[in-house]
Amino acid sequence: MNATPDMMDRRGFFRIGALVGGGFMLGSWSSAAEAAATAFSPNAFIRITLEGVITIFSKNPEVGQGIKTSLPMIIAEELEVPWEKVTVEQAPVDEKAFGRQMAGGSMSTPTNYDNLRRMGAIARTMLVEAAAKEWGVPAEECEATAGEVIHKSSGRKAGYGALASAASKLPVPDAKSVKLKKVEEFKLLGKRIGGVDNPKIVTGQPLFGIDQKHEGLRYASYVRCPVFAGKVKEADLDAVKKLPGVTDAFVIEGSGDHYGLLPGVAIIAKDTWSAFKAKNALQVTWDADAKESFAAHAAKAAEVMKGKGSGEIRKTGEPEFPDDGKTVVASYHYPHLAHANLEPQNCTAVFKNGAVEIWAPTQNPGGGLDGIAKALNIAKDKITIHMTRIGGGFGRRLMGDFMIECAAIAQKLEGSPVKVTWTRDQDLTHDYYRAGGWHHFRGRVDDAGKLSHWADHFVTFGLNSDERTGNGADLGGDEFPSRFVPNLLLERTIFPSNTPLGWWRAPGSCALAWAIQGFIDEMAHAAKKDPLDFRLELLGDQPEVPATGGRGQSYNAARMKGVLKLVAEKSGWGEKLEPGHGRGIAFHFSHLGYVAVVADVTVSKDGKLKVNKLSAGVDVGPIMNLSGAENQVEGSMIDGLSAAWFQEILVENGAVQQKGFHDYPLLTMKDAPKVEVHFAKSDYPPTGLGEPALPPTASAICNAIFAATGKRVRTLPLAKQDLSWS
């Protein structure tokens, strides 16, 4: 597992400094020179004032995954302070001080856990030493607890505030040498803690990017070509400028990069409503190649996937399939998906004297900064980015296109702050999409009912390339069940496409798990074995199976078997059910997390689906915030159900056809099932939870539909499938 924070490798230097007016501040810097320059900087993780006010800064973007609460909890645990005495603030964007500040890949917890523990432990150690020195006793006789240091034998005690000034004068201990608490000594981690922003959210206080307001703010809409990367050929700017509320309109040339500054027309108005009305009235002619068609790709995939792939991903054993009628063959297909964040893309910027200041709901401020510097041709130190809370990311806001777009408009409006807001239509038609794909599977079981052969011809997309897959569109050689079947052949064919692809929630795994676990279920049926038993046998007796390279990680089969058994027990797996009522099971390992899901569904004879209950067994190591962890697993399963049931992005004539939630629906309360989350106790290093529970959900549901009806779902979305049975 690669969970060691790179920040610690590069920044083994800690420094403490006195705050203005007293107090105690601890941070980390990459060099002594930087430390000297930033010793009084607010870019620190911990701040303790003489009055005992304890502030912990949360370093990563808050996307709704609860990281603004759970990362400071790690520091507070080692610092030995009651959570109710802690104030949490969002850290500024400063990767020299905080390390990488990004929310993606469920990596915020595993990459920060050890480092943040040590940050808290260093502060605790210094406070204890300060007290011991003042009292003239050995530090070993003193103990930190509940925001105080206590000398038990004498009964003396002092609060952290009273010790802050003295602690700030002490040398900083080596980070690797400080004593960390034992996991069984934790008082805070693992408890249910409400989100630190919850009161502000429920009272409607401004937190999100779209809430930004500045004096003299101007409002913008940016019109892009419906066809990806199409350029402006002609636009009637004079007519738009005459519309009520509109103050300006101009063309912006693109950078020629799908992930950079796309060409378009900026409309500036006194309010967002006027800008939107002008956007709809704009007459513009585009220079665009409109040949892209998902239907044409589907027809071509149906033609090629039953043949040999254009490239081989992995081959082991003797993957020959005798023509004896015992080979199971099936093709699976899933569509493109959009992220559909409830808060549409938006950004606020002001450009002044060659520098730009940005307020953005971004998952990746560093990436946005790089893109702005390149597009505007300005130095990175001329760019300041402020992270706001984010109303849904799921990977969409790893891309900085909306930030670059806003910065480019602000550059044209020297000195005036401007906010760009996208409509829902723009958000769906100019996303970076989860790639659709096709799998043509072949499989065999031996006389003992064990999986002996597995082959998959995977057809996917590349961005204008038939050699390189697009973002999130690949299949790794270690993907399950590669390491667990003796005879294997994985092949790939890549279709060149102009559709920009991106990292949707649980990139790659979100689609692969559905297809693979569906065909695993078909193999269990062919073997005439219970789907749970078949999976447990397939995972074998070797506890941990090493990776062979590529995207692979070492795979702990024992942990996966553990969550399978856990969720089976909790969900009542194996109970006899009436026709039309079924349970399905699936599992997947992704983002270092082991998750198994059991779905309980009912399908009426005329094909009406009801998902009654989703249960998850989860092993991600120790839990940071139990409330946040449960929320993420529940949300992942609901999101997985929503996408599998209803969602599909189609590209025809070079443009996305879906324009809003009327034709790209989200799951609503009436269709929401009961959900249960069961965590396995585990001492492995903690991993993230934003993604691992999503991948197996859709497959568990489809396998449950098969159990209920005998119908195998091999194409998504479910809403387009005939589930009727007799």
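Guide: Let us begin with a term. Helices (H or I, at least four residues) and strands (E, at least two) are DSSP runs, numbered from the N terminus. Please note also that this is a predicted model.

Visitor: With that term in hand, where is Pro-481 found?

Guide: Pro-481 lies in the loop between β21 (451-463) and β22 (487-497).

Visitor: What kind of peptide bond joins Phe-480 and Pro-481?

Guide: The general idea comes first: most peptide bonds are trans. In this structure, the bond joining Phe-480 and Pro-481 is cis, with omega about 10°. A cis bond also leads from Leu-716 to Pro-717, where omega is near 10°. Pro-717 is placed in the segment after α18 (695-709).

Visitor: Is Ser-106 buried or exposed? And why is Asn-653 classed as it is?

Guide: The cut-offs decide: buried means under 20% relative accessible area, and exposed means over 50%. Ser-106 counts as buried because its relative accessibility is 11%. Asn-653 counts as exposed because its relative accessibility is 58%.

Visitor: Let us turn to strands. In what order do β6, β7 and β8 form their sheet?

Guide: The 3 strands form an open sheet in the order β6-β7-β8, with antiparallel pairing. Its edge strands are β6 (142-145) and β8 (156-159), each of which pairs on one side only. On average, neighbouring strands of this sheet are turned by 20° against each other, direction ignored.

Visitor: How many bridges join β7 to β8?

Guide: Strand β7 (residues 148-151) is joined to β8 by 4 bridges, and the two run antiparallel. As one example, Val-149 has Ala-158 in β8 as its bridge partner.

Visitor: Which strands does helix α5 lie across?

Guide: Helix α5 (residues 108-135) lies across β6, β7 and β8, and it runs at about 45° to β7. Helix α6 (residues 160-167) also lies across β6, β7 and β8, running at about 80° to β8.

How values were computed: Residues numbered from 1 in each chain as written. Predicted model: local features only at pLDDT ≥ 70, side-chain atom pairs only at ≥ 80, totals over all residues. Heavy atoms only, no water. Pairing = 2+ DSSP bridges. Axes fitted to C-alpha atoms, helices over the stretch in contact; angles between N-to-C directions. Contact = heavy atoms within 4.5 Å. Buried < 20%, exposed > 50% of the residue type's maximum accessible area, 1.4 Å probe, protein only.
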